[in-house]
Number of protein chains: 2
Amino acid sequence: MAGEVRQLDERKLAVLRAIVQDYVGTEEPVGSKALVERHNLGVSPATVRNDMAALEEDGFIHQPHTSAGRIPTDKGYRLFVDRLAEVKPMSAPERRAIRHFLDGAVDLDDVVARTVRLLAQLTRQVAVVQYPSLSRSTVRHIELVALAPAKVMLVLITNTGRVEQRMVDCPGTVGEVVLADLRARINARAVGVRLPEVPGLLDELPAMFEAADRPAVTVVLATLFEALAEQNEERIMLAGTANLTRFGHDFPLTIQPVLEALEEQVILLRLLGETADAGMTVRIGRENAYEGLNSTSVVSVGYGSGDESVAKLGVIGPTRMDYPGTMGAVRAVARYVGQILAES
Amino acid sequence: MAGEVRQLDERKLAVLRAIVQDYVGTEEPVGSKALVERHNLGVSPATVRNDMAALEEDGFIHQPHTSAGRIPTDKGYRLFVDRLAEVKPMSAPERRAIRHFLDGAVDLDDVVARTVRLLAQLTRQVAVVQYPSLSRSTVRHIELVALAPAKVMLVLITNTGRVEQRMVDCPGTVGEVVLADLRARINARAVGVRLPEVPGLLDELPAMFEAADRPAVTVVLATLFEALAEQNEERIMLAGTANLTRFGHDFPLTIQPVLEALEEQVILLRLLGETADAGMTVRIGRENAYEGLNSTSVVSVGYGSGDESVAKLGVIGPTRMDYPGTMGAVRAVARYVGQILAES
DNA sequence: TTCTGGCACTCGTCTGTTCGGAGTGCCAAA
DNA sequence: TTTGGCACTCCGAACAGACGAGTGCCAGAA
């Protein structure tokens with residue numbers, strides 16, 4: 001008995017898989033007859049119809065109107081992604097191409113720019129790449145430069161190649177010697193340390209300077225802490241918006257909220273923020289918190305220079321997307337970007 | 001006689017103006033009767049029809065099909081912009097709002113970001129703002145920092161607040177003293193000078209150093225020149241793509257090439273590059289060199305911190321746009337950005 | 001019990017036709 | 001030169017009918 005029930009279930013799953021695959025390919029509701037023709041399920045259309053009715057009952061597929069084919073629901077895609085699909089690995093030539101394209105990058109900006117374009121091209125969808133975040137990275141070097149007697153430029157360089165600079169207006173003049181001393185002491189303590197942990201290590205620094213210099217030292221440190229903490233400086237790069245035109249027929253209605261979402265960095269950051277730290281995250285249709293993206297799916301993953309992820313990247317497309325292919329591309333690109341970052 | 005011909009021409013122009021205004025408002029071909037109703041032209045529909053026939057003969061308007069109203073052609077819009085429309089000044093509250101919004105900016109990135117968003121909101125179209133270009137700005141400071149024995153970081157700060165940094169791999173070790181010397185000499189010559197003119201002033205510099213240091217000095221200078229010259233580093237910021245959805249009915253066809261164009265910084269830069277240095281430039285439909293923008297108009301203008309323009313900004317919208325209003329907004333925003341830049 | 005073929009039924013899409021109305025061009029009169 | 005009138009064009013909405021894809025159900029076969 002149990003065996004037969006499982007047998008049945010497996011065929012239903014096969015039907016669902018076939019429906020998803022066909023619908024993704026054709027963009028048209030798929031009927032029982034066409035299904036049997038294209039996939040050799042070994043049963044008749046009538047049987048498939050029964051299964052379809054059951055699948056519909058369970059909410060995995062849905063009919064636009066009586067006497068039309070079936071379309072997968074968000075729930076159906078979810079099941080497909082979780083249990084029926086395998087991430088499709090990139091082919092060797094594709095991997096070589098990715099590698100080659102990313103290797104040409106000259107600096108961090110370029111890496112991110114190339115990555116996002118590459119991802120958009122590979123998936124033919126909208127790609128989003130977050131800059132390696134400050135909070136996960138470590139200090140490579142901190143530089144202080146006197147521009148004027150009371151004006152200091154602060155430069156923060158991270159191990160991910162990111163450079164932040166600030167102007168500091170000091171109360172009173174700061175001697176070159178004091179500045180050099182401060183620079184040396186800061187670097188001695190901070191280099192190699194994770195950004196959020198830096199402030200704790202510099203606590204007792206003002207006390208080590210002459211009373212006259214202390215105000216200036218304090219201001220410089222305050223600015224440094226500010227630069228370290230500024231999470232909302234997180235930047236994002238986008239590409240492939242033109243691919244939105246391939247979205248669907250009910251065009252302006254679907255596309256407008258998506259375009260609006262894409263303009264709001266905050267929304268995109270939150271979107272990527274929901275990505276699990278390890279493994280790939282797929283958010284389908286209404287699973288997305290942001291309403292404007294209710295008819296889209298987001299495939300995202302963390303990437304990083306070493307073992308751990310310092311930022312996220314992903315792809316936004318219609319719920320009707322090629323999940324295995326998209327996931328394969330996203331994973332491959334994330335992996336290679338990680339390697340590039342580790343090398344530089 | 002001549003007087004009567006002029007009289008006639010003026011009415012024709014009035015008719016054209018009315019057609020443009022109505023069409024921009026309604027998006028529908030405008031007929032003779034409706035025209036007479038909405039504008040008090042003081043003549044009958046039949047007369048207007050005669051004028052319309054003449055205008056069509058001259059290529060200023062055009063009929064989608066017999067027995068439909070008329071639509072302005074690119075040539076018609078051109079005439080409208082050149083002779084029939086006046087730039088519509090912003091109202092006092094609008095100006096205050098612009099001023100207030102831009103005043104909140106904290107650094108150059110922020111100024112540009114706010115400007116582009118503001119412009120998109122005001123015009124309800126796609127806004128494009130070019131970062132103050134390197135070639136027009138002057139050197140405020142050049143800094144050299146030794147990160148490792150053979151690794152130097154070069155930082156270039158311009159009077160517009162822009163900061164560029166490069167890593168330099170030197171052949172052999174560079175002493176701290178040499179570096180300080182080089183820094184001092186470079187700054188002494190370059191500060192306050194326009195970027196493109198800097199290389200010429202540093203020609204004889206290598207000769208002033210010991211033979212052993214010369215290779216390193218040469219490499220540093222080469223990198224600096226590269227940073228100075230790198231015109232294609234010109235960056236652009238975009239906003240308001242969601243406004244494209246209000247474009248028209250024949251949607252995907254029109255919008256796709258536009259989205260593609262917007263993704264290509266090169267195209268946008270060329271677009272802005274065609275802006276006349278002084279005064280506002282309006283490119284209508286096929287006047288745009290880039291084919292994908294053949295059904296759009298571009299309104300652009302230079303802006304700058306002082307008298308002269310250091311960069312361009314503009315708006316991209318359908319040829320059927322509110323030219324007076326758009327031009328007014330573009331002009332006002334450019335003016336205020338200029339002021340903000342001059343102040344900082 | 002499960003699958004299958006057959007059959008009646010639903011309903012959306014396509015096609016052709018009709019019809020009203022907006023708009024035109026032309027002409028004769030003011 | 002302008003105007004009112006008139007015949008004409010042609011788009012687009014509305015309607016009807018045919019077509020076909022697809023379904024659900026049922027009775028019989030495996």
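Which elements of the two chains each supply at least two residues of the surface near DNA strand C?

Modeller: Those elements are helix 1 (2-26) and helix 3 of chain A, together with helix 2 (32-38) and helix 3 of chain B. The model is predicted, and local features need pLDDT of at least 70, side-chain atom pairs count only at pLDDT 80 or more, and totals for chains, interfaces and linings use all residues. Residues are numbered from 1 along each chain as its sequence is written, and chains are lettered from A and ligands numbered from 1 in the order in which they are written.

A residue is near a molecule or strand if its C-beta atom, placed from the backbone, lies within 6 Å of it. There are 23 such residues around DNA strand C, and V43(A), S44(A), T47(A), S67(A) and G31(B) come nearest. Helix 3 of chain B gives the largest share of this surface, 4 residues. By class, the surface near DNA strand C holds 9 nonpolar, 10 polar and 4 charged residues. In this scheme Ala, Val, Leu, Ile, Met, Phe, Trp, Tyr, Cys and Pro are nonpolar, Asp, Glu, Lys and Arg are charged, and the others, Gly among them, are polar.

DNA strand D can be described in the same terms. Of the 23 residues around DNA strand D, those that come nearest are G31(A), V43(B), T47(B), T66(B) and S67(B). Two or more residues each are given by helix 2 (32-38) and helix 3 (45-57) of chain A and by helix 1 (2-26) and helix 3 (45-57) of chain B. For DNA strand D the largest share, 4 residues, is from helix 3 of chain A. The surface near DNA strand D has 9 nonpolar, 10 polar and 4 charged residues.

Next comes the relation between the two protein chains. The same surface serves both copies, as 100% of the contact residues of chain B recur in chain A.

Between the chains, 18 residues of chain B are in contact with 18 residues of chain A, contact meaning C-beta atoms, placed from the backbone, within 7 Å. Strand 4 (139-148), strand 6 (163-169) and helix 10 (251-263) of chain B each supply at least two residues to the side that touches chain A. Helix 10 of chain B gives the most, with 7 residues. That side of chain B has 10 nonpolar, 5 polar and 3 charged residues.

Chain A as a whole has 12 helices and 10 strands. Its C-alpha trace spans about 90 × 40 × 40 Å along the principal axes. The radius of gyration of chain A is 26 Å, whereas a compact globule of 344 residues would have one near 20 Å; the value is taken over C-alpha atoms, and the globule rule is 2.2 Å times the number of residues to the power 0.38.

Strand 4 and strand 6 also belong to a sheet in chain A. This open sheet of 3 strands has the order 4-5-6, with antiparallel pairing, where two strands pair if DSSP finds at least two bridges between them. Strand 4 (139-148) and strand 6 (163-169) of chain A are its edge strands, each pairing on one side only. From one strand to the next the twist averages 20°. Strand 5 (residues 151-158) and strand 6 of chain A run antiparallel and are joined by 7 bridges. Opposite V155(A) stands Q165(A) in strand 6 of chain A, and opposite L156(A) stands E164(A). These two strands form a hairpin with 4 residues between them, and G161(A) in the turn has a positive phi of about 90°. Helix 7 (residues 176-190) of chain A lies across strand 4 and strand 5, at about 170° to strand 4 of chain A. Such angles run from 0 to 180 degrees between N-to-C directions of lines fitted to C-alpha atoms, for helices over the stretch in contact.

Conventions: Two residues are in contact if their C-beta atoms, placed from the backbone, lie within 7 Å.
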